[in-house]
Amino acid sequence: EISACLVGSEMCIRDSVSSALLLLCVLFLLMFDWNRAKPWLNERVSEATGRRFAINGDLILTWQRAEPATDTWRDWIPAPRLSAHDVTLGNPEWAKADSNMAEIGHITFSVNPLPLLNKTIVIPSLQLDDPNLALQRVSKGKDNWTFKQTEPSAWTLDLQRLYFYRGEITLKDQVEHIDAKANIDSLEPTACLLYTSPSPRDRQK
């Protein structure tokens, strides 16, 4: 009986400690000033894309119920929702040094946490407000919408919906002799985008 009581006490203590640590983690995420993470994020994205990337405005993290609803226990697991203001992505070196490929007033997206365990990044929705995209191509194989090649990744990106509000897109294509500009009030496609990094075997084909 004494042994059973000791085991029961240890389990209670272990559960209490785990609950306390989880609560502390949640409080930290809620109270942390995510603007302090901007330099690290800017540097990582710049390295990954080979371009100047910057979040110049506020970076805010909130929590919401995961989407889409499944009517299961998974709906009770909160999903992080990131909001970034005044985001810029520069051009490659051959383009104008003072120009950007993308200038976005506001980006909002959420991530489902459970698929991360299977190395899948599920983004139910990505919203771009006031985006300005300047696309350029000067020759075949030389354009500003192709990013530098990276090592194969085991991660999969699942972007389910892209929302595009009050934006402008310009295209200057010297190959097809196109110089065009389009103003888009809203664009809400329902098609899904699933991307998986190619394996080394696929790259050799």
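What is the relative accessible area of Asp86, and which class does that give it?

Author: Two notes on reading come before the answer. This is a predicted model, in which local features need pLDDT of at least 70 and side-chain atom pairs count only at pLDDT 80 or more, while totals for chains, interfaces and linings use all residues. Residues are numbered from 1 along each chain as its sequence is written, and side-chain values use heavy atoms, with hydrogens and water left out.

Asp86 has a relative accessible area of 38%, so it is partly exposed. On this scale, buried is under 20% relative accessible area, exposed is over 50%, and partly exposed is in between, with a 1.4 Å probe and protein chains only. Asp86 belongs to strand S3, which covers residues 78-90. Strands (E, at least two residues) and helices (H or I, at least four) are DSSP runs, numbered from the N terminus.

The backbone at Asp86 deserves a remark. Most residues other than glycine have a negative phi. Asp86 is not a glycine, yet its phi is positive, at about 55 degrees. Lys119 is another such residue, with a positive phi near 60 degrees. Lys119 sits in the loop between strand S4 (100-110) and strand S5 (120-123), and its relative accessibility is 41%, so Lys119 too counts as partly exposed.

With neighbours within four places in sequence left aside, Gly57 is in contact (heavy atoms within 4.5 Å) with Asn35, Lys38, His85 and Asp86. The C-alpha atoms of Gly57 and His85 lie 4.5 Å apart, although 28 residues separate the two in sequence. Gly57 is in the loop between S1 and strand S2 (59-65). At 15% relative accessibility, Gly57 counts as buried, whereas Asp86 is partly exposed at 38%.

Further pairs link other parts of the chain. Val45 is in helix H2, residues 38-49, and it is partly exposed, with a relative accessible area of 28%. From Val45 to Leu89 the C-alpha distance is 9.5 Å, across 44 residues of sequence. Gly50 comes in the loop between H2 and strand S1 (53-55), and its relative accessible area of 48% makes it partly exposed. Gly50 and Gly90 are 40 residues apart in sequence, with their C-alpha atoms 9.1 Å apart.

Gly50 leads on to a pocket. The second largest pocket is lined by 14 residues, and Thr49, Gly50, Arg51, Pro92 and Glu93 lie nearest its centre. Its volume is about 230 Å³. A pocket is found on a 1 Å grid over the protein atoms alone, as an open set of points where a 1.4 Å probe fits, with protein on both sides within 12 Å along at least five of seven lines; lining residues have an atom within 4 Å of a point. A volume is the space filled by probe spheres set on the points, which are joined across faces, edges and corners. The lining has 5 nonpolar, 4 polar and 5 charged residues. Here Ala, Val, Leu, Ile, Met, Phe, Trp, Tyr, Cys and Pro count as nonpolar, Asp, Glu, Lys and Arg as charged, and the others, Gly among them, as polar.

Not counting residues up to four places away, Lys172 touches Leu135, Gln136, Arg137, Ile178 and Asp179. Lys172 and Ala134 are 38 residues apart in sequence, and 8.0 Å apart from C-alpha to C-alpha. Thr170 counts as buried, at 18% relative accessibility.

The whole chain gives the setting. It has 3 helices and 11 strands, and the order along the sequence is α-α-β-β-β-β-β-β-β-β-β-β-β-α. Of its 205 residues, 27% count as buried. Among contacts with a separation of 6 or more, 62% join residues 24 or more positions apart.
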